[in-house]
Amino acid sequence: MAERYKLTQDALSALFEALAKDGRRILAPTDADGRTELNAVTSPDQVSKQYLQTILSAKETVFPKVERLLSYTTEGGKVDLKDAQPHALPTVLFGVRPCEAGAFKALDAVFNWDSRDKFFNARLEKLAIIGVSCTSADEACFCTSAGGGPGDTQGSDILLTPVQGGYLAEILTPRGEAIQALAPQFFQAGATEDKEAVLAKVEKAFDREALTAKLPGMFENPVWKQQSLRCIGCGACAFVCPTCVCFDIQEEADPKKGERLRLWDSCGFSLFTLHASGHNPREVQSARWRQRIYHKFAYYPERYQQYGCVGCGKCTRACPADMNLKEHLVEAAQAQ
Amino acid sequence: MSEQFEPKITAFVCNWCTYAGADLTGTSRIKYQPNVRVLRVPCTGRIDFMLIMKAFERGADGVMISGCHPNDCHYTSGNYHARRRWMVFRDLMDFMGIDTERVTFSWVSAAEGAKWGALVNEVTDKIRALGPNTEQKQLVGLGVE
Amino acid sequence: MRIGYYPGCSLLGSSREFNESVKAVCEAIGLELVEVPDWNCCGASSAHVLDHELSVALPAKILAQAEAAGLTEVLAPCAACYSRLIGAYSELEKNPDHKTRVSEIIEMPYTGAVKVVNVLEVLERFADVIQAKAVQPFARKVACYYGCLLVRPPKVVNFDRPEDPQVMDQLAAKVGATPIDWPFKTECCGAAFSVTRTDLVAKLCGKIVDSAVKLQAEALVVACPMCHSNLDMRRPETNAALGKDLQIPVLFLTQVIGLAMGIEPKKLGIQRHMVPVAFNAPTGAQA
Amino acid sequence: MSRIGVFTCHCGENIAGTVDCPKVAELTRQIPGVVHSVDYKYMCSDPGQTLIKEAIKEHKLDGVVVAACSPRMHEPTFRKAAAEAGVNPYLCEMANLREHCSWVHEKNEATTQKAADLVRIMVEKVKHDTPLTPIKVPVTKTALVVGGGIAGIQTALDIANAGHQVVLVEKSPSIGGHMSQLSETFPTLDCSQCILTPRMVEAAQHPNIKLMTYSEVEKVDGFIGNFKVTVRKKAKKVDEKACTGCGLCVTKCPNKKIPDEFNEGLAFRPAIYVPFPQAVPNKPTIDTANCTYFKNGKCGVCSKVCPTGAIRYDQEDELITMDIGAIVMATGFKLMQTDKFPEYGYGKYKDVIDGMQFERLASASGPTAGVIKRPSDGKEPETVVFIACSGSRDRAKGVPYCSKICCMYTAKHTMLYKHKVHHGQAYVFYMDIRSAGKDYDEFVRRAIEEDEAKYIRGRVSRIYEEDGKLIVKGADTLMNGEPVEIKADMVVLATAVQSQDRSEDLAQTLHISYDKYGFFAEAHPKLRPVETNTAGIFLAGACQAPRDIPETVAQGSAAGAKVAALFSQDELTREPIVAVVNRQAPPLFSTCTGCFLCQTACPYQAIEQEEIKDRSGRVIKTVAKVNPGLCQGCGTCVAFCRTKAIDLAGFSNEQLFAELMTL
Amino acid sequence: MESLKQKAKELLEAGEIKAVLGYARGTSDTRRPHVAMSALEVDKLVADQACTTNLANLLMKHEIKHLGKLAVVASRPSTLRSLLQLTAEHQVADGAILALVPAEGGVKQLGTAQAFEEHLALVPQKKTEKDQALLDRLKAMPRAERFAFWQKEFSRCMKCYACRNSCPMCYCERCTMDCNRPQWVPVPSHAVGNQEYHLVRAMHLAGRCVECGECGRACPVGIPVHLLTFFAEDSVRAQFGQGGGASATIDNALSTFRPDDKETFIR
């Protein structure tokens with residue numbers, strides 16, 4: 001277990017200043033018209049005081065919703081091709097929840113699976129995560145069923161847990177140590193507060209591994225159709241998901257120039273698997289809904305030996321049709 | 001010294017009235033400024049509002065849309081349909097904050113060569129005075145990392 | 001039910017009996033008349049030939065006052081007032097941009113929210129009530145005389161058949177009268193020439209009165225103060241021109257209805273006519 | 001990759017005077033897809049065209065842009081040249097460097113740049129051009145003429161004489177129309193029946209004309225050359241084949257007190273009747289609404305007396321559907337109704353009649369055998385007042401237009417009256433005299449000067465009865481508006497000519513447009529006066545607007561000629577610039593969602609509903625389908641379609657998009 | 001609520017319908033759409049003030065459309081308005097869908113477009129005060145400020161299409177957004193793509209929007225997209241006197257015209 005420090009609220013302000021001085025931008029949950037959004041901040045005062053989670057995940061920092069891969073010109077019949085250079089800023093993600101901090105591993109699994117994605121890695125390399133443990137949870141949360149927990153340290157470089165008079169700080173990685181090194185005087189060693197006592201209680205709802213073992217046998221189970229009857233097939237779940245990684249490549253061009261862009265896509269869209277022939281292997285929404293679950297709980301473990309869901313519940317909260325992932329996973333786990 | 005701003009103006013005109021009217025401007029040797037690029041369509045009814053939208057995306061500083069006067073449509077009612085569409089589209093553009101001053105709708109008949117010439121000049125001068133359509137041009141590339 | 005009321009000058013002067021009978025009948029049928037506050041001249045007879053803007057502004061001021069008082073409809077019993085008010089209303093509806101100009105002149109907002117109605121139009125809505133309350137049927141032959149202003153110009157007033165109006169006949173029939181079929185319903189009475197060219201008025205009214213008598217009408221029924229004064233007050237000149245002595249009385253429709261409802265004749269101003277009305281008791285014998 | 005040739009024309013100095021043509025050729029050569037770009041003095045000349053044709057072959061061009069004058073000028077020329085060299089003509093486009101550039105701009109760099117831009121636009125268009133072939137539509141060479149008045153008869157005869165089949169449909173039991181009711185005709189005063197009857201007989205006996213009287217058009221589907229028309233043949237209750245037309249039934253019918261339509265209610269007819277002696281066909285019809293047998297099952301006299309047993313009380317309406325190539329509407333007019341004139345007492349006073357009633361009074365075959373007797377008491381009227389513009393040119397009556405024929409027939413009436421009642425006096429109240437036409441004004445002058453009709457310029461305000469006379473009150477505006485009062489014995493109103501009842505319904509059945517007065521609308525007021533906006537449907541006579549006989553006949557012949565021209569070909573060839581609803585691979589079949597909002601947007605009713613079925617015949621989807629025979633290619637539906645399911649050949653979404661992308 | 005359940009059971013048992021589309025309890029005591037095909041599922045039905053989703057949207061969904069004859073719980077007038085507009089647009093046959101309207105003391109069962117219209121005459125549609133206030137505020141803004149407002153809002157858009165997919169009138173099988181020949185609207189959710197998407201969506205709903213506001217509610221990032229279609233609808237109604245969802249028989253305002261349509265800007 002990493003050594004625990006105490007970080008007072010004032011010390012946090014000073015830490016922010018030190019980070020800024022080091023040339024890092026700080027992204028943290030902020031309040032915007034009742035929504036919690038990830039925005040650039042310079043002081044802890046700007047950070048949302050009361051938040052469960054941001055609506056969108058923090059994956060934007062390494063996998064933006066639209067990013068340029070290359071550009072070209074065709075002036076005078078000659079093609080001049082230019083690779084895009086990722087515009088990666090040194091960034092500290094402050095205040096993300098342990099579930100989301102853990103999600104970067106799932107992204108990494110895809111972007112660095114067979115080839116190493118230049119754009120993703122450039123951004124990830126400059127990213128440090130100061131996570132903050134959860135002291136509350138809602139009906140959508142199911143981190144404990146997804147292998148994590150409200151105070152889980154995986155993924156964070158430093159994990160803070162709110163305690164009386166400040167935070168309990170766990171320095172978890174060399175990147176965390178580097179941040180600590182920017183202002184070591186603010187980290188008071190030998191903290192003794194009980195971390196577990198302040199953490200939110202999230203009941204374990206189902207056995208993930210048992211579900212994974214069961215899924216291959218329930219492909220044709222009526223539960224998928226039943227659950228997805230009300231699904232409207234939008235991409236809200238995928239776009240807010242910290243682990244959803246599917247993307248589309250679009251070419252935007254005119255007779256003189258063009259560029260190639262990478263953008264978020266969603267397996268919930270009916271066009272996602274549409275073939276040019278008109279055939280669609282996932283013809284109906286139930287097939288797409290099943291795909292979403294299988295991808296995260298069957299195909300991910302099979303291919304990457306890890307899971308594609310961290311139980312953050314963002315999809316449930318964002319869904320216009322109230323597709324509650326936890327509830328539906330429980331149903332699947334119990335289905336005959 | 002900076003050069004005078006030369007606006008880019010895209011015009012959508014119907015084949016039967018305004019295109020013919022613009023031909024008459026030519027045969028009458030009435031001079032106007034060369035900033036306009038005319039795209040010919042059969043009827044104003046054919047002008048999809050998306051074309052106007054795309055013209056701005058393509059960097060047009062001004063857009064002109066012109067066809068037959070009411071009652072004169074070669075296809076009897078295409079211009080009436082177009083008019084309704086414009087009435088709503090123009091409102092909507094304005095509500096979204098898009099500058100409708102940069103869109104000029106007109107009826108120019110096959111006999112109104114002089115009107116076409118004068119209108120092009122007037123629109124060109126007006127758009128030149130308004131300056132480049134910076135608001136829309138700045139959107140290009142925005143939101144791409 | 002309530003409605004705005006614009007009496008205008010005639011109803012307070014030469015046609016007091018019209019005012020009295022309108023009020024009496026409206027009370028009887030349960031229609032509350034709310035007088036337009038601080039009303040002014042409608043401009044009839046002169047404004048429209050002198051200054052067009054003024055001729056629109058004057059009625060507009062009246063309607064704006066009514067609007068400010070929260071009214072949505074104004075009843076103008078005098079046909080001339082009605083004509084001016086509805087004329088101005090109609091012109092401003094046709095040219096909404098003039099509303100701004102008029103509002104400036106009258107120094108209060110005019111939006112066109114108040115509609116103008118004539119007395120026949122209002123009574124028509126209560127036709128069934130009137131019929132039910134006609135306890136003493138006015139069982140006489142009557143010649144309904146509409147004159148010019150109630151039905152013209154048709155595009156502006158948009159009321160009844162301009163050449164052969166029917167509403168007054170129908171209402172008279174509801175209270176037991178028998179309207180005669182005659183061709184002089186909208187014949188000119190000479191109206192505004194009453195003072196300047198009495199001779200002309202006498203000639204014109206002569207035809208009207210003579211025809212009504214020939215067709216055996218027992219009373220002329222009108223809904224316009226000008227018509228009334230020409231047919232009633234100018235009877236001596238009319239008779240002189242005709243060389244006859246015609247004593248057919250001229251009643252306002254509201255008086256006919258009032259009598260049939262059993263309202264006291266005095267309350268209806270029956271005694272005010274020049275040509276005496278002998279049948280105070282509706283079914284009584286004529287002197 | 002395309003292989004496009006660009007040909008820049010100098011047009012002598014017309015273009016080259018302000019545009020640097022060689023530079024345009026040079027600049028446009030660099031456009032991707034352009035493999036050949038040259039400039040030349042006169043592209044439209046023979047050598048110029050040859051240059052294009054040779055370049056097409058030499059450079060294997062698959063698209064051509066001619067940068068010259070307006071496409072409205074020479075597009076056909078260059079498309080033909082391209083076609084001759086083996087390139088689909090619709091892959092040849094023109095950039096308008098003359099009317100839209102060189103003639104309207106100064107000589108400078110900007111003008112040359114604009115010229116190059118105009119070419120760029122067209123190059124992108126050509127890249128997205130698809131080869132098109134003119135649309136061929138087969139033609140059924142049978143015409144339908146609706147209405148058996150003089151307009152319909154003339155049209156039918158002209159088409160039949162050109163060697164084509166005609167179906168002539170008339171709603172009443174006989175053809176002949178209004179003209180058969182007239183006594184004499186202006187300006188010659190020849191007998192209407194004398195000139196009309198031979199035409200009626202000719203139409204009835206013409207081998208190419210199929211006559212359908214007492215019939216009405218029920219339904220029209222299809223399009224030019226290929227209409228499917230359903231006609232309702234109303235039951236006459238008489239077997240036309242068995243009937244010999246002997247007339248015994250008519251004489252014996254006990255119910256003889258039915259107002260006679262042909263005599264405008266001035267006489268009576270029996271319940272089984274032939275409208276008039278010269279009727280074609282001259283066989284009776286039972287008026288079931290007035291027949292005692294049909295009212296209470298009694299009587300049956302006609303059946304008993306018929307020597308051939310031709311009465312068929314159980315005869316039903318028949319619906320007959322036929323294939324028709326062209327339709328001519330000749331449904332005529334009606335006169336304004338009596339209830340419109342309370343101030344004239346029309347409909348109230350028996351002696352206030354309309355012009356058509358006067359025609360019957362004056363007609364030798366009329367109820368008075370041509371003697372002028374007033375309807376109320378049969379007396380000979382000594383003073384008759386004619387009122388022109390009764391309803392016409394009167395906004396208050398809803399008829400602001402001129403009825404056109406009244407001035408002339410009123411003059412005729414005064415003459416007929418004077419010729420029959422020598423001591424009588426005719427007065428005419430008029431607004432203006434409109435007597436434009438060959439021998440027309442002379443005719444009016446004759447009425448005034450020789451037959452002493454008194455013309456008073458002014459309107460009549462009122463007519464009322466007094467002491468057995470009709471008091472006509474009016475004003476003489478030529479005498480400073482002096483009031484005029486005439487004690488008349490009879491008044492004749494020249495009532496307004498109006499469209500037939502239910503003409504709007506009929507127009508909707510045929511999908512043709514009509515004006516606000518219910519008259520059918522011509523395609524162009526000047527240049528296409530006998531065509532409607534629906535291809536293959538034509539107009540003749542007073543169903544389009546008030547017309548006199550010569551005009552009606554001329555228009556009937558014109559419509560006939562149009563039909564004959566249409567029938568002169570076995571197939572129609574149309575520009576392939578039409579809208580098309582896309583088809584996609586199953587299970588989508590089409591991006592059309594079948595909302596059919598496009599249907600109301602189409603000015604030509606060219607959009608139909610099409611059911612897409614699976615092999616078992618089950619309907620999978622209902623989508624829009626454009627009938628290329630009806631579509632004129634305006635593209636209104638294309639702009640309207642939310643899913644971009646409809647596209648317009650020649651001006652497609654991809655083309656316009658590509659053109660925009662060059663800017 | 002009990003009468004609704006009872007009615008639903010009766011209809012299901014009588015075989016008149018195959019399923020009831022209604023509401024059930026959802027996450028954190030919200031209400032969610034619920035398809036009940038059996039008595040067991042009917043028991044989960046809820047009918048109360050919290051039932052706000054416009055269920056007409058789901059009626060257009062392939063899987064639900066093919067269940068057979070349906071009854072839909074129409075707690076809000078906009079559901080009936082949607083049905084009328086869908087009927088006018090040939091998407092629903094008149095009489096094909098039964099509407100169950102929870103009313104005081106029972107359930108009103110409406111089966112035809114005419115019945116929907118008659119019922120709607122009793123419950124006028126009105127914008128919420130919050131929406132009206134924001135609309136008014138936007139209309140009063142200088143244009144450039146309004147442009148900035150919308151650009152800021154659109155910057156959050158990620159084109160998840162929740163607004164489109166929650167709209168009952170966005171039933172097209174292949175949306176213009178998905179048309180790529182030509183690619184009218186850029187797929188990416190960059191500034192140009194977002195502006196054009198929202199412009200096209202509002203324009204395509206002008207004269208058709210039933211003003212349920214479902215699009216705005218669906219947006220996960222809180223863009224008031226419903227105001228765009230509300231505004232377009234207001235514009236259509238003000239200028240042409242008719243709007244979406246009023247009748248199953250009126251032709252669409254933008255696919256028809258009047259020769260005397262009045263505008264002030266055409267030269």
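**Entry 1. Chain pairs without contact**

I looked up chain C and chain E and found that they do not touch (contact between two residues requires C-beta atoms, placed from the backbone, within 7 Å). Their nearest C-alpha atoms are 13 Å apart. I then took chain B and chain C, which do not touch either; here the nearest C-alpha atoms are separated by 20 Å.

I note that this is a predicted model, in which local features need pLDDT of at least 70, side-chain atom pairs count only at pLDDT 80 or more, and totals for chains, interfaces and linings use all residues. Residues are numbered from 1 along each chain as its sequence is written, and chains are lettered from A and ligands numbered from 1 in the order in which they are written.

**Entry 2. Scores**

I recorded ipTM 0.75 and pTM 0.73 for the model. For chain E I noted a mean pLDDT of 94 (the predictor's confidence in each residue, from 0 to 100), and 100% of the residues of chain E reach 70 or more.

**Entry 3. Chain D against chain B**

I looked up the contact of chain D with chain B and found 33 residues from chain D and 33 residues from chain B. On the side of chain D, α5 (98-102), α6 (109-127), α18 (636-640) and α19 each supply at least two residues. Helices here are DSSP runs of H or I with at least four residues, strands are runs of E with at least two, and both are numbered from the N terminus. The largest share, five residues, comes from α6(D).

**Entry 4. Chain D against chain E**

I found 17 residues of chain D in contact with 16 residues of chain E. α17 (597-601) and α19 (653-661) of chain D each give at least two residues to the side that touches chain E. α17(D) gives the most, with four residues. I counted the classes on this side of chain D as eight nonpolar, six polar and three charged.

**Entry 5. Nonpolar cores**

A residue is buried if 20 or more other C-beta atoms lie within 10 Å of its own, exposed if 12 or fewer, and partly exposed in between, with C-beta atoms placed from the backbone. This core has 441 residues, of which L92(B) and A67(D) touch the most other members. Leaving aside neighbours within four places in sequence, I listed the contacts of A67(D), among them V6(D), F7(D), V24(D), L97(D) and V119(D). A second, separate core of 97 residues includes A88(C), V142(C), Y145(C) and V167(C).

**Entry 6. A helix pair in chain C**

I examined α3 (residues 52-68) and α4 (residues 79-94) of chain C, whose axes come within 8 Å and cross at roughly 95°. The axes are lines fitted to C-alpha atoms over the stretch in contact, and angles run from 0 to 180 degrees between N-to-C directions. α3(C) and α4(C) are therefore roughly perpendicular to each other (65 to 115 degrees). The residues in contact include V56(C), P59(C) and L63(C) of α3(C) and L85(C), A88(C) and L92(C) of α4(C). By class I noted nine nonpolar, no polar and two charged residues.

**Entry 7. F184(C)**

I located F184(C) in the loop between β6 (178-179) and α10 (198-214) of chain C. F184(C) is buried, with 22 other C-beta atoms within 10 Å. Not counting residues up to four places away in sequence, F184(C) touches Y145(C), K207(C), I208(C) and S211(C).

**Entry 8. Backbone details**

I noted a cis peptide bond between R152(C) and P153(C), with omega about -10°. P153(C) is in the loop between β5 (141-144) and α8 (154-157) of chain C. The bond from R181(E) to P182(E) is also cis, with omega near 0°.

I found phi of D322(A) near 55°, a positive value in a residue other than glycine; D322(A) is buried, with 22 other C-beta atoms within 10 Å. Phi of K60(D) is near 50°, and K60(D) is exposed, with 12 other C-beta atoms within 10 Å.

Key:
Ala, Val, Leu, Ile, Met, Phe, Trp, Tyr, Cys and Pro count as nonpolar, Asp, Glu, Lys and Arg as charged, and the others, Gly among them, as polar. A nonpolar core is a set of buried Ala, Val, Leu, Ile, Met, Phe, Trp, Tyr and Cys residues joined through C-beta atoms within 7 Å. Angles under 35 degrees count as roughly parallel, over 145 as roughly antiparallel, 65 to 115 as roughly perpendicular and the rest as oblique.
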